[in-house]
Amino acid sequence: MKNVRKVLVPALAIALGACEGAGGPSSPDALAQAAGVEFTAQEAAEILAPQLNLPNQPQVVEALANLWVDYFLLARVAAEDTTLEALDVSVLVEQNQNQELVVLLRDQVVQVDTAISEEELREAFDRESPGARVRARHILLRIPEGASPATSDSVRDLAASLRERLLAGEDFGALAREYSEDTGSGANGGDLGSFGRGEMVPPFEEAAFSLDVGGISPVVETDFGLHLIRVDERVMPTLEEGRVQFRAQLQNRRVAEAESTFVAGIMESAGLELDAELFETARTLAETPDMELTGRAASRALATYSGGAYTLGEFRDWLLFRPGTLRNEVQGASDEQLDGLFRNLAREELLIEAARAEGIEVSPAKADSLANVIRSGVKDVARQLGFLVLANREGQTLDDAASEMVRNVLVQVVQADREVIPLGGVSFALKKQFDARIFRSGFDRTVEKVTELRAQAPAAPPVDVSPPTDEAPVPDTAGGEG
């Protein structure tokens, strides 16, 4: 992410939002606060103002404030203990444990016969022809939209007559150049090049793969029109060439089908219902996942099912673990897409509950291992940012030292001299453990200060745009050696 515009311009492109604290900012100039330390609008403006390529917008200020909160909290934790044992990663461990529970449930409950006989393997291979490719030509005749029956019949008669001419031995390429309405391939004698299964619409694909080399297809109708197809070349791998891979594909498919059947049964028995009236609220949460929800609002159910519900509060927490790109997708999602998303999220909860009902648990040793892996990853990020060597000078507090180092990192980020390292779910864990707030009232104030600082900056020296001259420069001999 060397391009700083890609990093700072999107409102939620970097970090996770922190809540606007009750009672407002502790000082009029506060933009953010973390663990009792302030990041002011003036400080943010001094970082942003010199970077004239960055738009002076509240979204940029918000992204910078979020990144400051993330990095300051990480720097402060690392300064107190470079092992990061003080960092509470339980919320991250729980996320990983839930994923592990679903995997264990499927391994324990979903039973599937993956034994595949030689006969079954060969029949499936002949039916699916994996890896097969053909090189083909076609002639396309379009039926105009809204055409009368007489017009449609005329096009069909032309297609039939062209097929007769091809079967009689006329040159396919010449007829394609003369009659085909596929402007891309027609000029090349109808040549479509080589393609495999899944690359063409089904009726066309079925006809092409059923032809022998040199064979002419019957008239094939698709949404594009009427086609006449000739196959010029076929590449058909043998079972012996891909036996191991194809057997594994079939086995994986059987497992996936069994898992799908198992999950469908759980969903059906749960009686899942969604509240579409909350979809717009969900989009708002995706835009501003740090917005405060009252207890009543957080408990409102996006999805209800037998014995439980998936709430707005849970959805907000889910958003806080997700990158800004995904949250942007949620904002622009249709009702149908949100319906699918919430069904999937509710399904995960149902699977976790089913795992616990089966007595499946993640062992304490596994949980400790997960915590160690997470801390190791966080420590690596802290090392890359230079936070593990953070030390306060004489007369300087650790808070001041952390603020100074984070400011230097942010300056390098906006100058595109350093890549942003997003903290992802670790950001949520830090903010949950420590008091962290973003003050939206400071966004416009920062923008105003950036405007003021840029106006005060000295103008760039004029650029010499005079045309080059062929005259030799006059040497400066004043003061030279005689």
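Predicted model: local features only at pLDDT ≥ 70, side-chain atom pairs only at ≥ 80, totals over all residues.

The mean pLDDT of the protein chain (the predictor's confidence in each residue, from 0 to 100) is 85, and 89% of its residues reach 70 or more. Residues 1-23 have pLDDT below 50, and this stretch has 83 contacts beyond near neighbours in sequence; contact means heavy atoms within 4.5 Å.

Residues are numbered from 1 along each chain as its sequence is written, and side-chain values use heavy atoms, with hydrogens and water left out.

**Sheet and helices.** Helices (H or I, at least four residues) and strands (E, at least two) are DSSP runs, numbered from the N terminus; two strands pair if DSSP finds at least two bridges between them. An open sheet of 4 strands runs in the order S4-S3-S6-S5 with antiparallel pairing. S4 (191-196) and S5 (220-222) are the edge strands; each has a single partner strand, so one side of each lacks a neighbour in the sheet. S3 (residues 133-141) and S6 (residues 225-235) are antiparallel and share 9 bridges. Arg137 has Arg230 in S6 as its bridge partner.

Helix H6 (residues 149-167) lies across S3, S5 and S6, at about 30° to S6. Helix H9 (residues 202-210) packs on the sheet, touching S3, S4, S5 and S6, and its direction makes about 40° with that of S6. Axes are lines fitted to C-alpha atoms, for helices over the stretch in contact, and angles run from 0 to 180 degrees between N-to-C directions.

**Glu205.** This residue lies in helix H9. Glu205 is buried (under 20% relative accessible area; exposed is over 50%, partly exposed in between; 1.4 Å probe, protein chains only), at 13%. A polar atom of its side chain lies 2.5 Å from the backbone nitrogen of Gly198.

**Aromatic pairs.** Rings of Phe, Tyr and Trp (its six-membered ring) pair if their centres lie within 6.5 Å; planes under 30 degrees apart count as stacked, over 60 as edge-to-face and the rest as tilted. The whole structure has 9 aromatic pairs, including these:

| Pair | Centre distance | Plane angle | Class |
|---|---|---|---|
| Phe39–Trp68 | 5.0 Å | 10° | stacked |
| Phe315–Phe342 | 5.0 Å | 80° | edge-to-face |

Phe39 and Trp68 are both buried. Phe315 in helix H13 (residues 312-320) and Phe342 in helix H15 (residues 335-357) are 27 residues apart. Ring pairs link Phe279, Phe315, Trp318 and Phe342 into a cluster.

Technical notes:
Polar contact = N/O pair within 3.5 Å; in protein donor to acceptor, adjacent residues only side chain to side chain.
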